[in-house]
Amino acid sequence: MSEFIIKNGHVFDPVQGIRGDKADVAIKDGKIVRDSELSKSAKVIDAKGKTIMAGAVEIHAHIAGPKVNLGRIYRPEDKLFTCTPTHGHERTGSGNSIPTTFKTGYEYAKMGYTTAMEAAMPPLFSRHTHEEIRDTPIIDEGAFPVFGNNWFVMEYLKNGEIENTAAYIAWLLRATKGYAIKVVNPGGTEAWHWGLNCLSVHDPVPYFDITPAQIVKGLIEANEYLGLPHSMHVHPNNLGNPGNYTTTLDTIKLAEGIKPKNKFGREQVLHLTHTQFHSYGGDNWGNFESKAKEVMDYVNRQKNITIDTGNVTLDETTTMTADGPFEHHLTGLNHLKWANVDVELETAAGVVPYIYSPNISVCAIQWAIGLELALYAKDPMRCFITTDHPNAGPFTRYPRVIKWLMSKKARETQIDAFKHKDKVLSQTGIGAIDRELTLYEIAAMTRAGPAKSLGLASMCGGLAPGMDADVVVYNINPEKPFENPDQIEAAFSRAAYVFKSGTEVVKDGEIVSSGNKRTLWVNAKVNENPQVMRDITEKFLKYYSITQANYESLGHAFVPNPYAIEVDATL
Amino acid sequence: METVTLTMKNIPALYLEADNVSPDAFAGKTAAQIADLHAYVGNTTGRLGDYFEVSGNAGATAADTKIVVKGDVTKVKYLGMKMSAGEIVVEGSTDLYAGAWMTGGKMTVKGNVQAFAATGMRGGELVIEGNAGNYLGAAYRGDWRGMSKGTIHVMGNAGSDVGMYMTGGEIVVDGNIDVHVMTHAEGGRIIVKGNARSKVGGQMVDGNIFILGTIDLMMPGFKYVDTVEQEVAGTKAKFAHFIGDIGERHKTRKGQVVYGNLYTRV
């Protein structure tokens, strides 16, 4: 494979603690190496006056699978005037909040992202999810199967059977080529099958007679029993409602006292996702307010939790979640079209378009809350930037979110443009925050932090020798202050160079190769468990609409380039 | 005002997508530059000059530019798309999406237009001297934002699904109108001087429909309220006033529940 040496750039790498020093980055055979290991034929790239970071890692986005595709199908208007014709190495693409698979890969790569996680894979539709992942070029991807409303999980955890839960999880991760345990509105989505919901951690799930708290705690324990690379990844109950921050705190407090057990250097046992949607005070839309401070005060103290933000970007977008009852609630609020998908024994997703208008006070307050979370975070290695794509905004807006986080002036410009500026300032703390994140902190929040949380710290998110050569060069000179915050957005939108596993994939903001995309999945070994195997066979015979043989994602058609992370939980 | 004349010289075998034929795209350009603007046929990209004889230079701005389109343009789509000012006169009939997403200016078609004319229109004036096709002033496929402002005058008949998801503006049809009028509408006004067939105002939550002729079959979701005398499009007459679609949600304005209104001449 080719060799590269990137010279004279300013390196920002929290993995090695490098804060903008001039250093060379050497690439050989897909890995970062020491300069001395390169031959004379290494291609030299001059990064003088530029910034070098590791490839960014997306910890939570909805970019592949049936609900994403449902969004594409029922929103032709999202594609209107967005078509990019075939050019150079790029195939045609379209879509704004729900881009086509090819456009998704290209857009991530152009911004310097080289790894991304699909945040909610319905296990029954893992084949569809993997077919889309296969067709998303360049970026390494994994997918989190959803477990929080799964009949097996609820039946085992009701009786406190952690070992059986873990055996089932190990089987399902293998069958669906999944990466981690995702929990969406624990119990609430199953309740939705009965026309109900669980709005607190103590609301019993109909029929199963288990509470969301038992599901969350049980899945954390099963996760640590297995020692999976990522922790239990939770979207708590009561998303999007005024006053829901108490439910959020009740959920994340369930992790208290539980220690991480894994060989990947992961230090958290719970990842709280799109925290912005879960940090609301007030009891109606009139007195709606930010509780970002309360949530972050707890998160800052509690070292075994990581979060991502879920920043509202003030765009027209498409909300989609495996929180079926929430989407039904949302269509009642905005009266836009609603779609729902029932997934048998596992989950139920909904889709509704949404316009985050700067002229609506609630949207503007949501915008402020997302930024507050990141600005209150004491440890950037535990707070990651997301937009919960496409729920709070398209992932293509990350550069704009970074601009707001790095520049108080940019935030003030946006606050001044709000119709209800006074309300934003009175209901949130955004106006009083002077903090401007540094490039080093941004590198932690978008690279080293999420990689560590995902258990990929030895592979990506940093530039230490031996790690995958995912390297990005941005047109940012850290020695020269930005004249205008918009330059931050422009620089992060289109990288000067991107290398993915040692292959040059982007040059001057254009795609130059489709790379060597891999599908990341976790192969967890457990002791033989005949009871769980019998339960699986029985459920397929009795309830599932397909046979077990048609359930699994196997072979080249679904996972052409797998990268299995091995975990051994046998006793 | 400067006038640019486009004369069809080479009728395309397939359909020509001429989204560049608007005062906005022409403004500040010479005839040669206009002839060089792109136009699509199937999956190939050509030039306007490959199909049209272009004469006359455009004005400095869209508002100073008038476009006259001559010859057989029945196989040309998107004439006047997104125009914001100035004027277009099409001397014959044209295909889909005439004046779609226009925000200002005036477009006149002396013949007929096919479907999706004035899709998502946000301002300006569209006059169709012949007949209009389906989905006039409607929303784009999947969208919930139809015509919101501006006026459309059809001197002949109009097709089905006129004003679907309309939120504002006015459409006047001198002749008859086909099924599905103002479906899902949340505002705006449609006046039909001739007759309507059926499904008038289905799922409409706000807005006004006036039918000066007859309706073959009323929607069951409309309720008779009273008879009123009103002047509509220069005609003073008595109308039966219905509200609906009562099967839909309805917003309240100043404490009053708002309904769509359907007036039929008695």
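The centres of domain 1 and domain 2 of chain A, taken over C-alpha atoms, sit 28 Å apart in this predicted model. Domain 1 takes in 3–53 + 458–511, while domain 2 covers 54–453; these bounds come from an automatic or database domain assignment. As for bookkeeping, residues are numbered from 1 along each chain as its sequence is written, and chains are lettered from A and ligands numbered from 1 in the order in which they are written. Local features need pLDDT of at least 70, side-chain atom pairs count only at pLDDT 80 or more, and totals for chains, interfaces and linings use all residues.

Where the two domains of chain A meet, 31 residues of domain 1 are in contact with 33 residues of domain 2 (contact: C-beta atoms, placed from the backbone, within 7 Å). On the domain 1 side, H16(A) gives the most, with 4 residues (helices are DSSP runs of H or I, at least four residues, numbered from the N terminus). By class, that side has 18 nonpolar, 6 polar and 7 charged residues (Ala, Val, Leu, Ile, Met, Phe, Trp, Tyr, Cys and Pro count as nonpolar, Asp, Glu, Lys and Arg as charged, and the others, Gly among them, as polar).

H16(A) (residues 486–493) also pairs up with H12(A) (residues 398–406): their axes come within 8 Å and cross at roughly 145° (axes are lines fitted to C-alpha atoms over the stretch in contact, with angles from 0 to 180 degrees between N-to-C directions). From H12(A), Tyr398(A), Pro399(A), Arg400(A), Ile402(A), Lys403(A) and Met406(A) meet Ile488(A), Glu489(A), Phe492(A) and Ser493(A) of H16(A). The residues of this helix contact divide into 6 nonpolar, 1 polar and 3 charged.

Key
Helices (H or I, at least four residues) and strands (E, at least two) are DSSP runs, numbered from the N terminus.
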